[in-house]
Amino acid sequence: MSALQDRAARLAFPIWAPQAGDWTHLYTGFVDDGTPYTEVSVYRAGDGGGHVRIHYRRYTGDELAAFWARLLHEITE
């Protein structure tokens with residue numbers, strides 16, 4: 001699962017340069033009306049412990065479909 005999350009983060013944030021201690025998160029859910037969405041986040045280890053979110057993106061609608069199509073295409077290459 002972490003490989004999928006890392007690929008999703010690289011796709012969502014092409015300027016992101018991974019560092020030791022970075023943590024990626026990929027979440028897909030539904031809003032109250034049943035509309036799907038996907039959130040991609042990157043967290044970095046903070047100076048005082050814990051993690052600080054350094055990147056965040058939420059995909060919905062046509063952008064959501066395009067994101068998953070690109071991600072699945074990358075995985076199958």
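This is a predicted model: local features need pLDDT of at least 70, side-chain atom pairs count only at pLDDT 80 or more; totals for chains, interfaces and linings use all residues.
Residues are numbered from 1 along each chain as its sequence is written, and side-chain values use heavy atoms, with hydrogens and water left out.

**View 1. The protein as a whole, with two helices and three strands.** From the N terminus on, the elements run α-β-β-β-α; helices (H or I, at least four residues) and strands (E, at least two) are DSSP runs, numbered from the N terminus. The C-alpha trace spans about 40 × 35 × 20 Å along its principal axes. Of the 77 residues in the protein, 30% are buried, where buried stands for under 20% relative accessible area, exposed for over 50%, and partly exposed for values in between, with a 1.4 Å probe and protein chains only.

**View 2. The open sheet, with its three strands in the order β1-β2-β3 and antiparallel pairing.** Because β1 and β3 (51–60) stand at the edges with a single partner strand each, one side of each is left without a neighbour in the sheet. From one strand to the next the twist averages 20°, with axes taken as lines fitted to C-alpha atoms, for helices over the stretch in contact, and angles running from 0 to 180 degrees between N-to-C directions. Seven of the 10 residues of β2 are buried, so this strand is largely enclosed by the rest of the structure.

**View 3. The hairpin of β1 and β2, with five residues between the strands.** Strand β1 (residues 23–30) and strand β2 (residues 36–45) are joined in the antiparallel sense over eight bridges; two strands are said to pair if DSSP finds at least two bridges between them. Thr 24 has Val 42 of β2 as its bridge partner, His 25 stands opposite Ser 41, and Leu 26 stands opposite Val 40. In a regular strand the side chains alternate between the two faces of the sheet. Gly 34, in this hairpin, takes a positive phi near 90°.

**View 4. The hairpin of β2 and β3, which also has five residues between its strands.** Nine bridges join these two strands, which run antiparallel, and Glu 39 has Arg 58 in β3 as its bridge partner. In the turn, Gly 49 has a positive phi of about 95°.

**View 5. Helix α2 (residues 61–76), lying across β1, β2 and β3.** This helix runs at about 110° to β3, and its 16 residues reach 23 Å from the first C-alpha to the last, close to the 22 Å expected at 1.5 Å a residue, the expected span being 1.5 Å times one less than the number of residues. Which residues of α2 are buried? Leu 64, Phe 67 and Leu 71 are buried in this helix. They cover an arc of only 65° around the axis and therefore lie on the same side of α2, the arc being that of the directions from the helix axis to the C-beta atoms. On the other side of the helix, Asp 62 and Thr 76 are exposed, whereas the buried residues of α2 pack against α1, β1, β2 and β3.

**View 6. The largest nonpolar core, with 13 residues.** Such a core is a set of buried Ala, Val, Leu, Ile, Met, Phe, Trp, Tyr and Cys residues joined through side-chain atoms within 4.5 Å. The residues with the most contacts inside this core are Ala 8, Ala 9, Ala 12, Phe 13, Val 40, Tyr 59 and Phe 67. Two or more residues are given to the core by each of α1, β2 and α2, and the largest share, four residues, comes from α1. Apart from residues up to four places away in sequence, Ala 9 touches Trp 16, Thr 24, Val 40 and Val 42.

**View 7. Glu 74 in helix α2.** Is Glu 74 buried or partly exposed? At 29% relative accessibility, Glu 74 counts as partly exposed. When its neighbours within four places in sequence are left aside, Glu 74 is in contact with Arg 7 and Leu 11. Glu 74 and Leu 11 are 63 residues apart along the chain, and their C-alpha atoms are separated by 9.2 Å.

Terms used:
Contact means heavy atoms within 4.5 Å.
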